[in-house]
Amino acid sequence: MGTSSHSLVNRRFFTVAAPGGGAKRARRLQGALLAAAVAAADAVAPPPVRAEVFASEEHAFRVVVVAIGLDHPWGLAFLPDGRLLVTERSGSLRTVNAEGRLDPEPVAGVPRVHASGQGGLLDVALHPAFRENGWVYLSYAAGRWGRAGTEVARGRLRGQRLEDVEVLFRALPKSGSGRHFGSRLRFAPDGHLFVTLGDRGDRHRAQDPGDHAGSIVRIRDDGGIPPDNPFFGVEGARPEVYTTGNRNVQGLAFEPETGLLWSHEHGPRGGDEVNVVRRGVNYGWPVISYGREYGSGEPVGEGTHRDGMAQPVRQWTPSIAPSGLTVYDGDRFPGWRGNLFVGALRFRLLARLVLDGERVVHEERLLEDRYGRIRDVRTGPDGLLYLLTDAPAPLGAVLRLEPAPAG
């Protein structure tokens, strides 16, 4: 999957027939279509055709456009045959082949989603035994009569179709808000599935274990509930709840060497947080926060500390609007091993966080304002980093970071 594939895909989306006008008219029409697409994307330019090379504190790297033409891509998974699975927030599950070709036909059998506001088709994950069972897991917003919530379903991938589709989890109660659905999916080494959820724009729901909103939940791979969940058997609580006090978690990743589960979440006007996820912990929202109210600018809650509520490992003020998270454990960038990589929607960058145990001791900002809003970050099976850019069709793209010679 190299830069030449981007040229082919780019031509596929912007080359049109010129009825009777010749090549010059075709070029003018191409330019008009591209200009309209850029305007619709809020002036976000398409990624360059050639791979750009960048310097960082540890490695020189190039950014290769793997595929373009996606509509607000949200989540990414790597199939054993070399293809990529990519979700589009509008409701389609797409495949990209090993040569970077985006299949024009989406995967069939995907559950109907509520694609409104921040909702839609969100994350995608493969079962740890995918080679044997073919299970693909999807998180998405769903509902009717104006009320929606995050759900998780799975189906067996057969060719370009999901079969045996079943809903495993529904976040309850549903609401009419179009905000803060979460939602990331990560399988633990023991096979349990973690699902991140948002507070749905109603902040006080995050402190109620009888409400899924504002929590991280933990379920079995078939949707069952592990009996060692902290609220299992507790009267009035939702047994799937694993943590509380979360505003809107859009990053979740396991650290392979330690087994720690890292997360990050959005704060209001600052106070984005990086946390270590632990059983039964209350992360404070909205009682404590480093963020401020959107209208007045006043501090949220009663301050930044309270007994019994966790402090973030790192917080960003002003907000970077984090989305997507990976702990890099590949061998292609040895100086980055064990670092957290965080996509940012605001400032349009990739943040590299250096860890010392459970402390963030250094941050480097990469690609700032070069490729638009970065929605997801993954470490590929090839040891390279993959990014999704959050842009409307035809500008949403899959990018890959590869080592490059210094200088």
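Reader: How many residues of strand β18 are buried?

Author: In β18 (residues 322–327), 6 of its 6 residues are buried, with buried meaning under 20% relative accessible area for a 1.4 Å probe, protein chains only. Strands here are DSSP E runs of at least two residues, helices are H or I runs of at least four, and both are numbered from the N terminus. Keep in mind that this is a predicted model: local features need pLDDT of at least 70, side-chain atom pairs count only at pLDDT 80 or more, and totals for chains, interfaces and linings use all residues. Numbering starts from 1 along each chain as its sequence is written, and side-chain values use heavy atoms, without hydrogens and water.

Reader: Which strand pairs with β18?

Author: Strand β19 (residues 340–344), antiparallel, over 5 bridges. Pairing takes at least two DSSP bridges between two strands. Serine 323 has glycine 343 in β19 as its bridge partner.

Reader: Which residues lie nearest its centre?

Author: Phe78, Leu126, Arg186, Arg378 and Thr379, out of 31 lining residues. Elements giving two or more residues to that lining include β18, β10 and β22 (374–379).

Reader: How does that lining divide by class?

Author: It has 21 nonpolar, 5 polar and 5 charged residues. Nonpolar covers Ala, Val, Leu, Ile, Met, Phe, Trp, Tyr, Cys and Pro; charged covers Asp, Glu, Lys and Arg; the others, Gly among them, are polar.

Reader: And the second largest pocket, what are its numbers?

Author: About 400 Å³. Its 20 lining residues include His266 and Leu345, both among those nearest its centre. The classes are 5 nonpolar, 8 polar and 7 charged.

Reader: How many cavities of 30 Å³ or more are there?

Author: The search finds 2. A cavity is a set of grid points where a 1.4 Å probe fits but cannot get out. His266 is one of the residues lining the second largest cavity.

Reader: Last topic. What is the strand order in the open sheet with β10?

Author: The order is β10-β11-β12-β13, with antiparallel pairing. The edge strands are β10 (185–187) and β13 (241–243).

Note on methods. On a 1 Å grid over the protein atoms alone, a cavity is a set of points where a 1.4 Å probe fits but cannot get out, and a pocket is an open set with protein on both sides within 12 Å along at least five of seven lines; lining residues have an atom within 4 Å of a point. Grid points are joined across faces, edges and corners, and a volume is the space filled by probe spheres set on the points. Buried means under 20% relative accessible area, exposed over 50%, partly exposed in between (1.4 Å probe, protein chains only).
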